[in-house]
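Biologist: I've got a model open and I'd like to learn how to read it. Can you walk me through it, feature by feature?

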Amino acid sequence: MAISRTSKTALWLFLTPVLCWLLLLIVLPHIDLLLMSFGGENEYGERVWTLQNYRNFFTEPIYWNTFLRTAIFSIITTFITFLLAMPVAFYIVKVVRPRFQGAMVLMLLLPFWVSELVRVYGWMILLRESGVINHFLLKFGLIDKPVEMLYNDATMIMGLVYTSMLFMAVPIISAMESLDDSLIEAAHDLGSGKLVIWYKIILPHCKPGITSGSIVVFMLVLGNYLTPNLMGGKNSLWFTEQIYNQFIASFNWNQGAAFGFMLLLLSSLIIWIGLKLSRQKLGEVAS
Amino acid sequence: MIRTLPNSKRYSFTYGTFIICYFVFLFAPLFVTCVLAFNNSDFPSLPWYGFSLDWFVASGPERVGIFHDSQNLRAIFTSFQTAFWVAIFSTIVGTCAAFLFEQETFPFKNLLYFLMLAPLVIPGVILGISLLLAANTAGTFVENRFGIDVALFRPSFWLVVMGQFSFITTFVALVVSARLRKFDHALEEAAMNLGATRLEVIWYITLKFLRPAIIGAGAVAFLMSFENFNTTLFLVGSQPTLPINLYLQVRDGSTPVINAISLLLIVGTFCLALVNLYFSKEKD
């Protein structure tokens, strides 16, 4: 470039607020979280460094099981979201008439602009014992007495799929838009069936979209508190609830910090594995 | 399979039905919530007892509509205030970050960029607790050292603002960066040839070019802040925001007032979303 666009004033003008933000609100708090998780009190009530919080985590089956359960359910939810998002994305991008395309994308987006709480509340009044679905089932004589459809694992997973659907659908749609129709036509002309086309052409092409969608959905589900709490009820056993209980109910911040750090570790690990498996970088996924 | 290829009738029909079911699944909870806001009943459930605006305008004593429900109104006001400040701060800092990473070179740039993306992959709950811990540590330190009790370091309005700001800024930065990448540098060079300084170029030219993206990002930041639950949950003090307040009510048994609030939220966010989409279409 002919003219130097660098200027020390501009650099510092931009750097200072960004540094303040990242250091004060991201880096320092997480260092504090790590330090806090190694803190505790000995028998005399003095503050000491200890591994006790992590020992509790590994020796108490309830914590450990909740942690595993949350991780496994998050993976299941991410997979179901993917299974559901693929055909919807394909329909919107490749099947529906082009003039309806914009409207359909808009309809897909709209519900997700509404607060998660409102959406979960909607499901609650649909599914609960005195809810709308039970009302209709009773009215048509399909059941004799109301069934409680809330507060079980299947409902909770459905709720989690519902609340994080969009973050899978949008990246897959944008990946699919660049898929050339003639590839599918060629495969069809050469006699391959639908399954082969999906497996050999569509899935490989959408891989970047699938990866970024899966990472975002997994992270959101793992860290979700609202949906498991309201739709899973007391049986939800979601790890974020353990964190909440340690912080707010038991006021044991050291233990809560250890739990928080384990959750952070788990989500970073899975995201890292996802990026490695698909050979992508975080920067590419973000944009 | 696709538009250009022939499909069997049954295949198209099944696929179409699936898509319709999917959209019913998507809209059913919202639709039911809105309809039941007008039911003349004390519970948000069927049977239908007739149309009523009680849950919007009734002033008590048996039914208190949203327009007379001081607790919820206060929560809505708090949410507006929070979202206002978060949108302002995150737009300013996010725009700075976009300029910093797109146009400047400095040591450790990649490391800093990685740090900026970190909030995308940190669960909101973790952000909330670590900020709560850090604020508490800072508060204790200041109190022991200087003997001053700083209200800012306790769960409060401003702590919520900081917590939401800490991750929403990343989204703003990404949106503004994407727009900045399309900027034609010849415009900057022309201005500099004519004697403008770097800061004048940014102020008079680049920022004008970025304006639609900045406004759009600000609107999204406002909405994200207004609806945030996970991070806010741990930082909230005596002034609950609307999602927190609604959560407490839903957990302890609900009245159709929540439906009325939900209806207002749905209508409000739909309008904001449509306006935002309209403007983002315009700019392309």
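Biologist: What share of the contacts in chain A with a separation of 6 or more comes from residues 24 or more positions apart?

Modeller: Start with the term: two residues are in contact if their C-beta atoms, placed from the backbone, lie within 7 Å. In chain A, 68% of the contacts with a separation of 6 or more come from residues 24 or more positions apart. For chain B, 72% of the contacts between residues at least 6 apart in sequence join residues at least 24 apart. Keep in mind that this is a predicted model, where local features need pLDDT of at least 70, side-chain atom pairs count only at pLDDT 80 or more, and totals for chains, interfaces and linings use all residues. Residues are numbered from 1 along each chain as its sequence is written, while chains are lettered from A and ligands numbered from 1 in the order in which they are written.

Biologist: How many helices and strands are there in chain A?

Modeller: Helices (H or I, at least four residues) and strands (E, at least two) are DSSP runs, numbered from the N terminus. Chain A has 13 helices and two strands; chain B has eleven helices and zero strands.

Biologist: Is Gly274(A) buried or partly exposed?

Modeller: Buried takes 20 or more other C-beta atoms within 10 Å of the residue's own, exposed 12 or fewer, and partly exposed is in between, with C-beta atoms placed from the backbone. Gly274(A) is partly exposed because it has 19 C-beta neighbours inside 10 Å. Gly274(A) sits in helix H12 (residues 253-278) of chain A.

Biologist: Which residues have the most contacts inside the largest nonpolar core?

Modeller: A nonpolar core is a set of buried Ala, Val, Leu, Ile, Met, Phe, Trp, Tyr and Cys residues joined through C-beta atoms within 7 Å. The largest has 147 residues, and those with the most contacts inside it are Ala89(A), Ala169(A), Ile172(A), Ala97(B), Ile129(B) and Val176(B). Helix H7 (residues 153-176) of chain A gives the most to this core, with 14 residues.
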